[in-house]
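Here is a short briefing on one protein model. Keep the viewer open while you read.

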Amino acid sequence: MKSISARQTGIILFLTILANKILLLPSIMYEKTKADSLFVMMLLFAFELFILWIFFSLKNKYPNSSLKELLQKSVGGKIAKALIFVFLIFFLFKTMLTYSVIYVYLKDLVYQDEFGLLAIICFIPVVNHGVVCGLRAMSRSFELFFYLVLTGVVFCLVIAFFTNISIPYFFLSNPKDIFNTCFTHFFSFGDYLILFIFMDKIKFDNQGKKTILKFVGLGITIVLAIFLIFYCKYHDTAFMHNNAIADLLVFSVQFNAIGRLDIIAMVTIMALGLFQMEIFQYAFCESFVMVFPKLSLKYAIAVFDILFFIVYFVLIGKYEFMIMVTTNYLPYFSILSNYILPSIIFALSYKHKKELKHEKSV
């Protein structure tokens, strides 16, 4: 079986941690909790680390088992498929949200006009090809371009210091607003759920676990740094700027004789978007194959493309409606997919391990 290393796993997590958090999220969070949104993000990241701990525990107990095998042994085939189907729905909408945010950024700042058909023609075939090539090939691509993407993100942060920034006011929001904002943006997280989908394809030891945690820490640090510098730059007008990492370069797009620097942000965001969509679509397709084992990965890709077109263009094609769905309705679903379901899987695995020990003793 083709597996991926701890370093490649860490890079995948780094990319998912940045997904849907460095463009629109700082702006819409500021409307409710102002600069205290930084503390909201810290709280949400703390919740997420609990899920990562669950995954590490599962890998220690069942280093070679897949999620489907683990669930089938614990609750049977039908219930296992129902649980995995929750992941399938989550990754479908996760891909759509990622596409929506990046598409609107490109439409407003690059093309300044509708180019929906062109965007689909450019994005979907590339993402499909990445999924067809498989997890190992995708991981190697991410590993190859990792430092290029990291350099682009860090460059945007550094250049922001050449603009007018000052420390914003903190502790203006009450605890109720903090927790309400946490709930509203649950769907923007779920960063570690992909690990459960291909847990049997990940190989690492204790040293590898430290490697994964280093990339996780790097991703969290970068997201928090973007939030902090964004609020230091815009203060009360932060809600008006919907593309945080790109807007860090505003007022500094002309830098001596170098020319416009916002092209760096554009290339970085496009690369991140493609990689993130590949990860989420691959997770959808793997979930699909586990639910419908008689169908191959290629059928899963075809189903995803059809669902993407139908759900996105027919039901939630409007950007504002997409954001409303992900902040008003999908948070309830996220409680199930992001926290309850991993906890159930962990509890079932613990029960199954006790049963195995009992059978061996008998």
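Predicted model: local features only at pLDDT ≥ 70, side-chain atom pairs only at ≥ 80, totals over all residues.

The protein has 15 helices and zero strands. Of its 362 residues, 55% are buried.

**Overall build**

- The radius of gyration is 21 Å, which agrees with the value near 21 Å for a compact globule of 362 residues.
- The C-alpha trace spans about 75 × 45 × 40 Å along its principal axes.
- Take the contacts with a separation of 6 or more: residues 24 or more positions apart account for 84% of them.

**Helix α7 against α12**

- Helix α7 covers residues 135-160.
- Helix α12 covers residues 262-291, and its axis comes within 9 Å of the α7 axis.
- The two axes cross at roughly 150°. That angle is over 145 degrees, so α7 counts as roughly antiparallel to α12.
- The crossing of α7 and α12 is left-handed.
- On the α7 side, the contact is made by L135, M138, F142, F145, V149, G152, V153, F155 and C156.
- On the α12 side, the contact is made by I264, A265, T268, A271, L272, F275, E278, I279 and Y282.
- By type, the residues of this contact of α7 with α12 are 15 nonpolar, two polar and one charged.

**Helix α7 against α10**

- Helix α10 covers residues 206-234, and its axis comes within 10 Å of the α7 axis.
- Here the axes cross at roughly 30°. That angle is under 35 degrees, so α7 counts as roughly parallel to α10.
- The crossing of α7 and α10 is left-handed.
- From α7 come F146, L150, V153, L157 and A160.
- From α10 come F215, L218, I222, A225, I226 and I229.
- The contact of α7 with α10 holds eleven nonpolar residues, no polar and no charged.
- V153 of α7 takes part in the contact with α12 and in the contact with α10.
- An α-helix has 3.6 residues a turn, so residues three or four places apart point the same way.

**Helix α3 against α8**

- Helix α3 (residues 37-61) packs on helix α8 (residues 175-184) with the axes 10 Å apart.
- The packing angle is about 55°, which makes α3 oblique to α8.
- α3 passes α8 in a right-handed crossing.
- V40, L43 and L44 of α3 meet I178, F179, T181 and C182 of α8.
- That contact of α3 with α8 divides into six nonpolar residues, one polar and no charged.

**Helix α2**

- Helix α2 runs over residues 25-33 and is mostly covered, with seven of its nine residues buried.
- Its buried residues are L25, P26, S27, I28, M29, Y30 and T33.
- The cover over the buried residues of α2 includes α3, α8, α10 and α11 (244-247).
- K34 follows α2 and has a positive phi, near 50°.

- A160 lies in α7. A160 counts as buried because its relative accessibility is 0%, and the cut-off is under 20%.
- Leaving out residues up to four places away in sequence, A160 touches I165, I229 and L248.
- A160 and K233 are 73 residues apart in sequence, but their C-alpha atoms are 8.0 Å apart in space.
- M138 is also found in α7. M138 is buried, at a relative accessible area of 3%.
- Beyond residues up to four places away in sequence, M138 touches G130, V131, E278 and Y282. E278 and Y282 belong to the α12 side of the contact with α7.
- M138 and K203 are 65 residues apart along the chain, with their C-alpha atoms separated by 16 Å.
- T95 is found in helix α5, which covers residues 77-111. T95 counts as buried, at 0% relative accessibility.
- With residues up to four places away in sequence left out, T95 touches M277, F280, Q281 and F304.

Note on methods:
Residues numbered from 1 in each chain as written. Heavy atoms only, no water. Helix = DSSP H or I, 4+ residues; strand = E, 2+ residues; numbered from the N terminus. Buried < 20%, exposed > 50% of the residue type's maximum accessible area, 1.4 Å probe, protein only. Contact = heavy atoms within 4.5 Å. Axes fitted to C-alpha atoms, helices over the stretch in contact; angles between N-to-C directions. Parallel < 35°, antiparallel > 145°, perpendicular 65-115°, else oblique. Left-handed = near helix turned anticlockwise from the far one by under 90°. Nonpolar A, V, L, I, M, F, W, Y, C, P; charged D, E, K, R; others polar. Rg over C-alpha atoms; globule rule 2.2 N^0.38 Å.
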